[in-house]
Each structure stands twice: as C-alpha cells, then as structure tokens.
Amino acid sequence: MDIMITTEGDHPLVTLAGRFDAFETEAFRAALDDLLDGDTSTVSVDLHDVQFIDSSALAELVRAMKHCREAEGELFLHRLSDPVRVILELTRLDAAFEIREA
Amino acid sequence: MTSDLPAYRDWAERPVAEPVDYSVVIPAYNEAIRILPTVGAIAVHMSSLGKSWELIVADDGSTDDTIELLEGLELVNLHVLRAKANGGKGSAVRRGVLAARGGVILFADADQSTPIEQFGDLLAQIEAGNDVAIGSRAAEGATVANKSIVRKVLSTGLNLMVRFGFGVPFADTQCGFKMFTSNAADLLFRRQLIDEFSFDLEILYLAKKFDLKVAEVPVEWIDAPGSTVDPTKVAIEFVRDMAQIKWFDIRGRYSNVNHSPADDEHVIGSADSPPKAQP
C-alpha cells in the first residue's frame with residue numbers, strides 16, 4: 001500500500017492506495033503517529049484508491065480516531081471507494097467515523 | 001468514475017431470479033474476524049458485473065460468531081449453509097458448490113488472499129471453452145506477496161510431487177480460487193471423497209480422470225495473516241491423501257456419485273430463493 005501525506009486546509013491529508021490489510025497497519029500507524037506527535041490533532045484519510053480493507057486495518061483506523069479525539073481533534077475519512085464504503089456499512093463502522101464525500 | 005453502489009444495493013435487496021449466472025462460494029470456519037470485509041469486497045465487485053449472482057457461505061461448524069454476523073447482514077442473495085460439525089474445508093466447499101445455482105461457480109477463500117477482481121480472468125477461460133479454471137500462484141505471471149519461507153518450501157515440494165509423482169499436471173493445485181461450469185462442478189463434487197485440505201488435489205485428479213478441460217490462470221495472491229492452516233500438518237495429510245485418492249480410484253469409488261445437495265443440513269439467512277432443486 002502506498003501512503004502519501006499532503007496538507008488539506010489546516011490539517012494533514014493521508015492518501016492511501018492499494019490493499020489496506022494487517023501487513024500495512026504498522027506503516028500506517030507510524031505515519032499517523034508522526035503526524036499526531038506534533039500540534040496536529042485532526043487528520044483526514046483519503047480512501048478512494050483502497051480496494052480492500054481488512055479487520056486489522058479497520059481496527060487501526062478506530063485506534064487512530066480515538067487518538068485524534070483524545071487530543072480533541074478528529075479523524076475524517078474522505079472519498080471512500082465503493083468496497084470500503086460497503087465494508088464500513090457491513091461492519092457498522094460507518095456510524096462511528098466522520099465521513100466526508102468530497 | 002461510475003459507482004458500483006447502485007448495483008450492489010439492488011443485489012442486497014432484490015432476490016435474483018433464476019437462471020443464476022454466477023455463484024460464489026466461500027468456505028468458512030471461525031471467520032468472524034475476517035468474513036465481513038470479504039463479503040463486502042466480493043459483493044461490490046460481483047454486483048458491478050451486471051449479471052445475476054448469488055453468494056454462498058458454507059460454514060464448517062464455526063464456534064465463533066461467523067453465522068450470527070452473516071445473518072445480521074440481511075443480504076437477500078447471501079445464503080449461509082450451516083454444518084452440524086466441523087467436517088473440513090473440502091466438505092464445506094462441496095456443500096456450497098452442490099447448493100449453488102449458478103451456471104458458473106467460483107469458490108474463494110474467506111480471507112480475500114486472491115482478490116475477487118480476478119474473477120474475470122478465470123471466467124475468460126471458462127468462456128473460452130474450459131470446464132474448470134484454477135487460480136495459480138506458481139504459473140508464469142502470478143504474483144505472491146507475504147508468503148512465509150516455510151509455506152514456500154512446502155508448496156514447492158508438494159507441487160513437484162503432485163506433478164511428477166501423481167500425474168496431475170498443474171503448478172499449483174491448492175490455491176483457494178477455482179471456477180467450474182455447473183456441469184463440471186456436479187460431476188466432480190458429487191464424487192469427491194476427501195473432506196480436508198487436499199480436496200483440491202482430488203478434484204483436479206478427477207478432472208483429469210474424466211478428461212475435463214482445465215486452465216491454470218496466474219493470479220495475484222497475498223498471504224493473509226491469521227491463516228488457520230498449519231503447513232507441516234497439512235503437508236503430512238497431503239501425502240497421505242495422495243495415496244488415498246489413488247486407492248479410491250483403484251477400488252472404483254469414483255465411478256459412483258458419493259454426494260448430493262441433500263447431504264446439506266439446511267440453509268439459513270434471508271434466502272428468499274431456495275437452493276437448487278434436489279435430484
């Protein structure tokens with residue numbers, strides 16, 4: 001999975017591409033922890049180019065969301081691919097995350 | 001970019017009418033952690049193809065929440081087959097395949113280790129006139145990620161034994177991504193006698209015995225963490241089963257039908273359309 005970090009407005013945008021599974025959670029966590037170690041407490045994650053996300057990756061997103069909220073920030077999920085959207089619905093995690101369409 | 005969501009929503013809510021074009025069968029044993037993402041990925045991709053299709057999860061006596069999670073999805077074209085006890089992956093696949101109504105039937109592992117996007121690669125081989133198309137991690141053009149050294153060594157050794165000692169001419173017999181015409185599936189799975197890991201080998205042995213046309217298709221394969229397969233145990237069973245398959249054949253056990261869809265206990269879930277008629 002490719003991880004690209006840019007800026008969107010006043011907070012970082014993490015764009016993921018590929019298969020987000022248990023083998024990729026460590027790299028994702030390292031990238032997020034680097035961002036959240038500073039003054040940042042809000043992060044957006046773009047999932048448009050993620051075709052599959054497994055349970056370990058979902059758990060990692062939940063961990064990141066909690067981390068952001070504990071710092072009074074938020075984790076936004078952006079531009080969900082169709083499979084990711086349906087997987088979030090089937091696992092009922094769509095209600096837990098702040099999802100932005102644009 | 002066109003969204004596949006409307007097609008998925010339609011599939012989720014409207015029972016497919018017969019004839020069913022495609023059936024996807026997932027064998028599952030204690031897959032509560034992994035099954036929902038797999039169902040989601042398969043449902044979106046298959047719905048995007050514009051054909052009628054059904055998803056069958058053949059549970060293998062799970063003791064976790066696999067069945068409850070699937071029931072809770074309320075997807076009308078998802079059929080869940082429950083087993084009375086854990087009978088082995090081969091028994092789960094057989095029950096699923098024999099209950100399938102599709103003209104083309106794929107079985108795929110529950111961990112999405114072979115991504116469903118490769119359905120079309122196998123289908124092209126069926127449409128070209130083959131009876132069976134098998135995903136292969138060893139054919140030229142295949143890509144394999146995250147496979148452990150132990151599994152690599154064992155699978156290479158076993159594949160060599162199968163090819164040269166057993167006469168089944170395929171580079172990879174064990175990939176959990178295989179497609180059949182409904183006629184081929186009926187012929188093979190009704191005769192299947194091996195219920196455990198090496199059932200794939202038996203199915204391919206039977207395909208050769210009955211002169212079916214089999215295409216080996218290179219696939220992308222990603223080892224999924226949490227596999228319940230113990231490579232060493234499986235290797236020992238595999239060698240034992242090779243001898244057993246030969247013995248079954250010598251004794252004429254494959255001349256007869258050994259199973260029918262009626263062997264399955266029952267279907268649960270929100271299946272408005274019944275499994276195919278019993279013979």
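This is a predicted model: local features need pLDDT of at least 70, side-chain atom pairs count only at pLDDT 80 or more; totals for chains, interfaces and linings use all residues.
View 1. Zoom in on β3(A) and strand β4 (residues 75-78) of chain A, which run parallel and are joined by four bridges.

**View 2. Where chain A meets chain B.** How many residues does each chain bring to the contact? Chain A brings 15 residues and chain B brings 20 residues. On the chain A side, β3 (43-53) and α3 (82-90) each supply at least two residues. The largest share of that side comes from α3(A), with six residues. Sort the chain A side by class and you get eight nonpolar, two polar and five charged residues.

**View 3. A β-α-β unit in chain B.** Follow the chain through β2(B), helix α3 (residues 66-73) of chain B and β3(B), and you've traced a right-handed β-α-β unit. Its strands, β2 (residues 53-59) and β3 of chain B, pair in the parallel sense over four bridges. To spot the pairing, look for B:V57, which stands opposite B:V80 in β3(B). Is strand β3 (residues 78-82) of chain B mostly covered or mostly open? It's mostly covered, with four of its five residues buried.

**View 4. Two helices of chain B packed together.** Helix α8 (residues 199-209) and helix α9 (residues 231-250) of chain B pack at an angle of about 35°, and their axes are 10 Å apart. The crossing of α8(B) past α9(B) is right-handed. Which residues meet here? From α8(B) come B:L201, B:E202 and B:Y205, and they meet B:D241, B:M242 and B:I245 in α9(B). By class, the residues of this contact are four nonpolar, no polar and two charged.

**View 5. A cis peptide bond in chain B.** Most peptide bonds are trans. The bond joining B:E18 and B:P19 is cis, though, with omega about 0°. You'll find B:P19 in the loop between α1 (5-13) and β1 (20-28) of chain B.

**View 6. Two residues with positive phi.** Most residues other than glycine have a negative phi. In chain A, look at A:R92, a residue other than glycine with a positive phi near 60°. A:R92 is placed in the loop between α3 and β5 of chain A. Why does A:R92 count as exposed? Because it has 10 C-beta neighbours inside 10 Å, and the cut-off for exposed is 12 or fewer. In chain B, B:N30 also has a positive phi, near 50°. B:N30 counts as partly exposed because it has 19 C-beta neighbours inside 10 Å, while buried takes 20 or more.

Note on methods: Residues are numbered from 1 along each chain as its sequence is written. Chains are lettered from A and ligands numbered from 1 in the order in which they are written. Two strands pair if DSSP finds at least two bridges between them. A crossover is right-handed if, with the strands pointing away from the viewer, the path from the first strand over the helix to the second runs clockwise. Two residues are in contact if their C-beta atoms, placed from the backbone, lie within 7 Å. Ala, Val, Leu, Ile, Met, Phe, Trp, Tyr, Cys and Pro count as nonpolar, Asp, Glu, Lys and Arg as charged, and the others, Gly among them, as polar. Axes are lines fitted to C-alpha atoms, for helices over the stretch in contact, and angles run from 0 to 180 degrees between N-to-C directions. A crossing is left-handed if the near helix is turned anticlockwise from the far one by less than a right angle, and right-handed if clockwise.
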